[in-house]
Amino acid sequence: MSSIPPARLPATMMQGNVAGGPGFDAGFPGNAQSLAEIINSIPALVWCARPDGSAEFFNQHYLDYVGMTTEQAQDWGWIGSLHPEDVSGLSDVWQAVLASGQAGEAVARMRRHDGQYRAFLFRTHPMRDSLGNIVRWYGVNTDIDDRVRAEEELRRSEAFFAAGQRHARIGSFSWHLGTKKIVWSDELYRLFDFAPQVPLTLALISSRIHPDDVGLMDEMFQKARSGVQDLEYQHRLMMPDGSIKAVHFFAHRVMDRPEEIEYIGAALDITQRRAEEEALNMARAELAHVTRVMSLGALTASIAHEINQPLAAIVTNASACLRMLGAEPPDIEGALDTARRTIRDGHLAADVVGRLRALYARKATSFDAVDLNDAANEVIAMLRGDLDLARVAVYTHYAVALPRAAGDRVQLQQVIMNLMRNAADAMSEIHDRPRQLTIKTQVDGEDRVSLSVLDVGPGLQGIDVERMFDAFYTTKSKGMGIGLSVSRSIVESHRGQIWGEPNGAQGAAFTFTIPVKIVRPQG
């Protein structure tokens with residue numbers, strides 16, 4: 001019973017605690033002395049009262065506990081052992097019990113002989129004569145302070161737990177497959193927008209699942225019935241107002257009863273996180289686009305700056321030459337000098353163009369020894385965040401003791417990065433199978449090594465693979481058609497080859513091969 005403080009009590013309740021005391025013989029027929037010894041030995045606070053509620057008897061344990069004598073406790077003296085805040089409430093309950101003539105109970109705090117207050121459960125029951133009239137009220141007060149404190153602590157813990165779930169947007173549950181009993185926390189009811197404590201069924205829960213994700217839920221139910229140890233899924237909810245929530249669901253089977261299947265778990269509302277991830281992806285895509293535009297603009301400005309000066313000089317020299325030749329008499333020597341400067345500036349402009357062409361020239365270069373396995377791992381680490389957001393799983397199959405390749409590490413990593421990005425983009429619209437990207441290295445003949453990037457995207461059917469390596473040719477709606485062209489230029493500058501081909505029934509595979517680094521013995 002909840003705590004009910006007492007106050008002004010009726011005029012008597014109990015007095016006398018020895019055999020032969022007022023009312024004792026009438027209340028306890030038989031050997032009064034033996035009964036007194038028994039009552040006084042009971043480790044509980046025992047009392048009785050007259051029909052009007054006045055105090056009549058306290059056992060010795062009661063008197064010892066409150067530190068009172070019989071004279072001090074009789075009539076209303078025992079009220080002094082109650083906590084002042086609880087007197088009024090207990091009085092109201094006692095008056096109601098007397099009026100009803102039925103058993104009753106209440107909770108109030110009593111002061112122990114050392115001054116400490118503890119919570120007690122007051123219980124009383126009427127004794128009637130043969131005519132049904134009440135002749136005594138008998139009662140027992142039981143110390144429940146430890147229980148009350150434990151219950152209060154439990155309520156506080158439950159409140160903290162509920163608040164934590166509410167702020168973290170996570171709800172907990174249990175699910176017993178045998179009894180079909182499903183228990184949810186309040187936060188889970190809020191997440192699914194169900195009325196609190198509504199009886200839960202799988203059909204009711206399934207009614208909230210997004211139509212496109214019903215297959216995921218059916219798969220989860222099937223695995224649960226088979227008794228798998230762990231379940232984890234991400235799916236969407238379609239709410240009554242048409243809004244969509246994203247949920248991360250995970251559960252673990254309780255193994256203390258192997259013959260039964262029961263799961264405990266939680267469901268996390270990741271709607272906001274999904275929205276933030278999508279916004280971040282859009283921002284990254286926009287940043288990448290701006291970066292490409294800025295890079296192209298910077299390159300264009302650099303080319304224009306370098307070539308503009310010799311071209312302007314050519315125009316100036318040509319104009320001067322015409323003036324000298326048109327003079328009377330013509331300035332032949334001046335015109336010749338001007339023509340020579342024009343030729344010089346023309347060569348300077350040609351040198352600028354030549355340097356740009358040299359970026360893709362097939363010329364021998366001194367390369368370092370590059371471990372393709374290590375180079376690929378570094379690229380994977382750099383792209384890990386983007387690949388995770390794109391839900392692409394990366395698998396590696398590296399050749400053991402792979403010979404070092406002859407090349408520029410940064411340029412080769414640029415090729416690997418381009419191929420990985422293309423593979424991830426190719427799988428962006430794949431929803432019926434896991435998005436798997438595989439990187440494989442191997443020895444190619446006696447003096448070459450190769451690296452392949454394989455995906456499970458739509459493949460190369462209907463695509464001119466050779467044209468994919470041409471500059472500005474792209475199969476993407478927002479592609480620039482530069483990545484594969486640059487990759488081929490880098491590989492060919494390394495005296496290697498690059499090509500694309502189908503990856504079995506699904507997907508595409510792009511491979512490049514380059515020579516190994518020949519280490520010549522010294523001496």
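# Close-up views of a predicted model

**Figure 1. Strand 1 and its two antiparallel partners.** Strand 1 and strand 5 run antiparallel and are joined by 5 bridges. In this predicted model, Ala49 has Trp137 of strand 5 as its bridge partner. Strand 1 also runs antiparallel to strand 2 (residues 55-58), with 3 bridges between them. Here Cys48 stands opposite Phe57. The hairpin of strand 1 and strand 2 has 5 residues between the strands. Within this hairpin, Gly53 takes a positive phi near 95 degrees.

Figure 2. Is strand 1 mostly covered or uncovered? Mostly covered: 5 of its 5 residues are buried. One side carries Leu45, Trp47 and Ala49.

Figure 3. Helix 5 covers residues 87-100, 14 residues in total. At 1.5 Å a residue, helix 5 should span 20 Å. The end C-alpha atoms are 20 Å apart, which agrees with that expectation. The buried residues of helix 5 are Val87, Gly89, Leu90, Ser91, Val93, Trp94, Val97 and Leu98. In an α-helix, residues three or four places apart point the same way, because there are 3.6 residues a turn. The buried residues of helix 5 pack against strand 1 (45-49), strand 3 (104-111), strand 4 (117-128) and strand 5 (134-143). After helix 5 comes Gly101, with a positive phi near 70 degrees.

**Figure 4. An edge-to-face pair, Trp175 and Phe221.** The structure holds 11 aromatic pairs. In one of them, the ring centres of Trp175 and Phe221 are 5.9 Å apart and the planes meet at 70 degrees, so the pair is edge-to-face. Angles over 60 degrees count as edge-to-face. The pair links distant parts of the chain, 46 residues apart. Trp175 belongs to strand 6 (residues 170-176), Phe221 to helix 9 (residues 214-226). Trp175 is buried, with a relative accessible area of 8%. Phe221 is buried too, with a relative accessible area of 8%.

**Figure 5. A stacked pair, Trp184 and Phe194.** The rings of Trp184 and Phe194 have centres 6.0 Å apart and planes at 20 degrees, so this pair is stacked. Trp184 sits in strand 7 (residues 181-184). Phe194 lies in the loop between helix 7 (186-192) and helix 8 (202-206). The two residues are 10 residues apart. Both Trp184 and Phe194 are buried. Together with Tyr189 and Phe192, Trp184 and Phe194 form one aromatic cluster.

Figure 6. Most residues other than glycine have a negative phi, and most peptide bonds are trans. Which residues are joined by a cis peptide bond? The bond joins Glu328 and Pro329, with omega about 0 degrees. Pro329 lies in the loop between helix 10 (271-326) and helix 11 (332-358). Asp193 is not a glycine, yet has a positive phi of about 60 degrees. Asp193 is found in the loop between helix 7 and helix 8. At 45% relative accessibility, Asp193 counts as partly exposed. Arg495 is not a glycine either, and has a positive phi of about 60 degrees. The loop holding Arg495 runs between helix 14 (483-493) and strand 16 (497-502). Arg495 is exposed, with a relative accessible area of 54%.

**Figure 7. Confidence along the chain.** The chain averages a pLDDT of 78, and 79% of the residues score at least 70. Among the elements, strand 15 (residues 448-454) has the highest mean pLDDT, 95. Helix 1 (residues 24-27) has the lowest, 44. Over residues 358-365 pLDDT stays under 50, and the model has 6 contacts for them beyond four places in sequence. Residues 477-481 are also below 50, with 8 contacts beyond near neighbours in sequence. Where pLDDT is low, the predicted coordinates should not be read in detail.

**Figure 8. The whole chain, for context.** The chain has 14 helices and 17 strands. Of its 523 residues, 38% count as buried. Among contacts with a separation of 6 or more, residues 24 or more positions apart account for 59%.

Key:
Residues numbered from 1 in each chain as written. Predicted model: local features only at pLDDT ≥ 70, side-chain atom pairs only at ≥ 80, totals over all residues. Heavy atoms only, no water. Helix = DSSP H or I, 4+ residues; strand = E, 2+ residues; numbered from the N terminus. Expected span 1.5 Å × (residues − 1). Buried < 20%, exposed > 50% of the residue type's maximum accessible area, 1.4 Å probe, protein only. Contact = heavy atoms within 4.5 Å. Pairing = 2+ DSSP bridges. Phe/Tyr/Trp six-rings, centres within 6.5 Å; stacked < 30°, edge-to-face > 60°. pLDDT = per-residue confidence, 0-100.
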